[in-house]
Structures are given as C-alpha cells and as structure tokens.
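This briefing goes through one structure by topic. Please keep the sequence and the model open while reading.

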Amino acid sequence: MEKNNKNNIKETKTDKIESVQETKKVKLSIENITKTFNSKTVVDNVSFDVYDGEFLSILGPSGCGKTTLLRILIGLIKPDGGTILKKGKDITNTKISKRGMGIVFQNYALFENMTVLQNVEYALIVNKTPKVIARKRALTLLKKMHLREFENKKPYELSGGQQQRVAIARTLALKPDIILFDEPMSALDVSTRLELCQELKRVQKEFKTTMIYITHDQEEAFTLSDRIMVMEVSKISQIGTPVEILKNPANDYIKSFVCDNLTNKINNLKHFVELSNEQN
Ligand SMILES: Nc1ncnc2c1ncn2[C@@H]1O[C@H](COP(=O)(O)OP(=O)(O)OP(=O)(O)O)[C@@H](O)[C@H]1O
Ligand SMILES: [Mg+2]
C-alpha cells in the first residue's frame with residue numbers, strides 16, 4: 001500500500017500557516033491507520049496530527065469511515081494496522097479506560113433508569129471516587145451546563161438538547177484531556193444546535209480540552225473548528241484551517257463537497273433576505 005501522507009497533506013497549507021502550526025504541541029499522532037471490514041477497506045492508511053487544545057472537525061459524507069476512525073481512536077475498534085501516539089506514547093493497544101479520552105454519541109446514550117445527577121456521577125463512583133467528591137463534581141458540572149434544575153429528572157423527561165448537555169457533563173466528569181464527538185447535534189433543531197455549539201466552544205476554552213468532532217455538516221465544521229479534516233471515502237482529502245481550505249481547496253472533491261456547498265447555503269440565505277426585503 002502507498003505510504004501515506006502527512007507530508008502530502010501539509011503541502012496544501014501555505015508556508016506561513018505551516019510555520020505557525022509547527023510551533024503547536026502535538027497531542028495525538030495517528031500514523032497509517034487501516035481498517036478493513038469484510039474485505040472492504042473503510043479506513044485506508046490514514047495519518048494526521050491533532051494539536052493540544054485544538055478543535056478539529058472530521059467532515060465527510062455518510063459511509064466515508066468517520067465513526068470507524070473515531071472508534072479506533074478511543075479503542076472501541078482495533079485497527080488492522082498503524083499506530084496511535086498520545087503525547088509520543090504508543091496507545092494503540094491501551095485499554096479504553098486508560099486513554100484519558102471521552103466520547104459523546106449522537107443518541108446521547110444516557111442511562112434511562114438513572115436521574116441526571118446519577119448519570120453524571122456514575123462513572124466517578126465506578127472509578128472509586130469517594131461519593132461526596134463525586135457528588136460535588138457532578139453538581140459543579142451540572143451548574144456549568146445549566147442543568148441544575150433538571151438534576152432529579154430522568155433522561156426521558158428532558159429535551160434532546162438537554163439530554164446532550166447531560167451527556168457532555170457526564171463525559172467531562174472524568175476529566176478527559178481529549179473528547180471525541182460523533183455527530184452530537186444531528187438529532188437537534190437548528191437553534192438548539194447553535195446554542196449547544198456555543199456551549200461546546202465555551203467548555204473547550206474553560207477546560208482546555210482537545211476536541212475531535214465528527215460532522216457531515218459543512219456549516220457546523222466551519223463554525224466550530226480550529227482545523228477541519230475533510231474525508232473522502234476511507235481517506236483524508238485535505239486538512240487545514242477553515243480559511244486555508246476555502247482559499248486553497250486541494251482538489252475538485254473539496255471544491256464541490258465543501259466550497260460549493262457552503263456557497264450554495266450562503267446564496268440561498270442571501271436570496272431569502274432579498275425576498276423578505278422586497279416584501280417589506
Ligand atoms: N462493524 C462493521 N462491520 C462491517 N462493516 C462496517 C462496520 N462498521 C462500519 N462498517 C462499514 O464501514 C463503512 C464506514 O462506516 P462508518 O460508520 O465509519 O461511516 P461514517 O462516515 O461514520 O458514516 P455516517 O455519516 O453515515 O455515520 C460503511 O460502509 C459501513 O457499512
Ligand atoms: Mg458515523
């Protein structure tokens with residue numbers, strides 16, 4: 001298989017931005033990760049770095065391998081080949097609980113029989129944190145996520161946005177230094193998504209957490225991210241800051257999947273604004 005390709009990907013950046021990024025600390029280094037299911041290669045020799053404290057989106061169409069890659073990073077799936085380094089240490093075969101990573105899923109995956117408070121403190125108690133300390137930390141996180149008024153409610157009594165806030169608080173409880181998100185907003189309406197996006201950015205700044213965020217929504221990726229990694233089927237097509245990608249799309253796929261899609265959305269919005277102005 002062709003040796004891939006951090007160098008090729010970096011060629012898509014301008015020299016100036018490249019030199020700025022070189023000074024950042026690498027938190028995760030993904031080297032030549034490959035995964036095949038039933039003789040179909042779903043992640044094909046993928047390599048990239050994640051910087052300390054950055055918000056990196058993985059943007060790509062349905063079925064391109066985003067979830068598989070994320071599950072490999074956290075340790076839910078074993079890759080067929082390749083290496084994952086965290087701060088230089090090989091964690092490819094490290095247990096999930098020892099990776100210092102948390103994950104937030106699209107479907108919240110809360111414990112339905114537990115209250116909001118119990119959901120958030122559960123992992124701490126399992127981890128043998130004294131009950132008083134676990135309770136205090138859970139309550140602090142619920143306050144930060146604006147959930148104190150719901151602490152005794154069960155998940156089914158909450159809206160989708162509120163449930164996702166609980167899932168984020170629960171993930172933060174164990175103080176992971178990397179949080180992975182698998183399309184956490186896709187079941188939510190637009191205004192809840194916008195609100196939660198702002199919350200996520202706030203949480204990221206406050207906790208200085210590195211975030212890797214899967215989405216198939218160009219707008220979401222461009223609103224939230226320090227850098228975006230665009231995937232085509234099983235491979236990385238381009239990785240760079242939103243401005244770099246818009247200014248220098250690496251190929252026709254990026255032009256169409258990212259740039260044209262964003263331009264169409266903006267033009268549609270402009271069209272509606274013009275229409276509403278005409279009608280006033
Ligand atoms: N456990 C599995 N066994 C067999 N095939 C799988 C398995 N998990 C994923 N696949 C296949 O791998 C491919 C990539 O799946 P993956 O879930 O990673 O895509 P995705 O980019 O997350 O898509 P979506 O945006 O729809 O969530 C798909 O063709 C899927 O059918
Ligand atoms: Mg997926």
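**The antiparallel sheet**

Thr36 has Thr41 of strand β2 opposite it. The model in view is a predicted one.

- Strand β1 (residues 26–37) and strand β2 (residues 40–51) run antiparallel and are joined by 8 bridges.
- Val26 is placed opposite Tyr51 in β2.
- The two strands β1 and β2 make a hairpin, with 2 residues between them. In that turn, Asn38 has a positive phi of about 45 degrees.
- β1 also pairs with strand β4 (residues 81–86), in the antiparallel sense and over 5 bridges. Glu31 has Thr83 in β4 as its bridge partner.
- Together, 4 strands make up an open sheet with antiparallel pairing, and their order is β2-β1-β4-β5.
- Which strands stand at the edges? They are β2 and β5 (89–90); each has a single partner strand, so one side of each is left without a neighbour in the sheet.
- Asn45 is a residue of strand β2. Its phi is positive, about 55 degrees, although Asn45 is not a glycine.
- Asn45 counts as partly exposed because it has 19 C-beta neighbours inside 10 Å, whereas a buried residue needs 20 or more.

- The residues around ligand 1 include Phe37, Asn38 and Val42. Also in the shell are Gly60, Ser62, Gly63, Cys64, Gly65, Lys66, Thr67, Thr68 and His216.
- Sorted by class, this shell around ligand 1 holds 3 nonpolar, 8 polar and 1 charged residues.
- Helix α3 supplies the largest share of the shell around ligand 1, with 3 residues.
- Within helix α3 (residues 66–74), the buried residues are Lys66, Leu69, Leu70, Ile72 and Leu73. Viewed down the axis of α3, these buried residues fall within an arc of 160 degrees, so they line one face of the helix.
- Gly75 follows α3 and has a positive phi, near 105 degrees.

- How many residues of strand β8 (residues 210–215) are buried? The count is 6 of its 6 residues, and the strand is mostly covered.
- Both faces of β8 are covered. Thr210, Ile212 and Ile214 are buried on one side, and Met211, Tyr213 and Thr215 are buried on the other.
- Strand β3 (residues 55–59) pairs with β8 in the parallel sense, over 5 bridges. In this pairing Ser57 is opposite Tyr213.
- Strand β7 (residues 178–182) and β8 run parallel and are joined by 5 bridges. Phe181 has Tyr213 in β8 as its bridge partner.

**The nonpolar core**

- In soluble globular proteins, nonpolar side chains tend to be buried together.
- Here the largest nonpolar core has 65 residues. Those with the most contacts inside it are Val120, Leu142, Ala169, Leu180, Ile212, Met229 and Val230.
- Helix α6 (residues 160–173) gives this core its largest share, 6 residues.
- Beyond its neighbours within four places in sequence, Val120 is in contact with Ala138, Leu141, Leu142, Val166, Ala169, Arg170 and Ala173.

- Leu158 sits in the loop between α5 (131–144) and α6. It is partly exposed because 18 other C-beta atoms lie within 10 Å.
- With neighbours within four places in sequence left aside, Leu158 is in contact with Phe150, Lys153, Gln163 and Val166.
- Leu158 and Val116 are 42 residues apart in sequence, and their C-alpha atoms are 9.4 Å apart.
- Lys175 is found in the loop between α6 and β7. It is a residue other than glycine with a positive phi, near 55 degrees.
- Is Lys175 buried or exposed? Lys175 is exposed because it has 12 other C-beta atoms within 10 Å, and a residue with 12 or fewer falls in that class.
- Ile266 belongs to helix α10 (residues 252–279). Ile266 is exposed, with 11 other C-beta atoms within 10 Å.
- The C-alpha atoms of Ile266 and Glu219 are separated by 9.9 Å, and the two residues are 47 residues apart along the chain.

Key
Residues numbered from 1 in each chain as written. Chains lettered and ligands numbered in written order. Predicted model: local features only at pLDDT ≥ 70, side-chain atom pairs only at ≥ 80, totals over all residues. Arc of directions from axis to C-beta. Near = placed C-beta within 6 Å. Nonpolar A, V, L, I, M, F, W, Y, C, P; charged D, E, K, R; others polar. Pairing = 2+ DSSP bridges. Core = buried A, V, L, I, M, F, W, Y, C linked by C-beta atoms within 7 Å. Contact = placed C-beta atoms within 7 Å.
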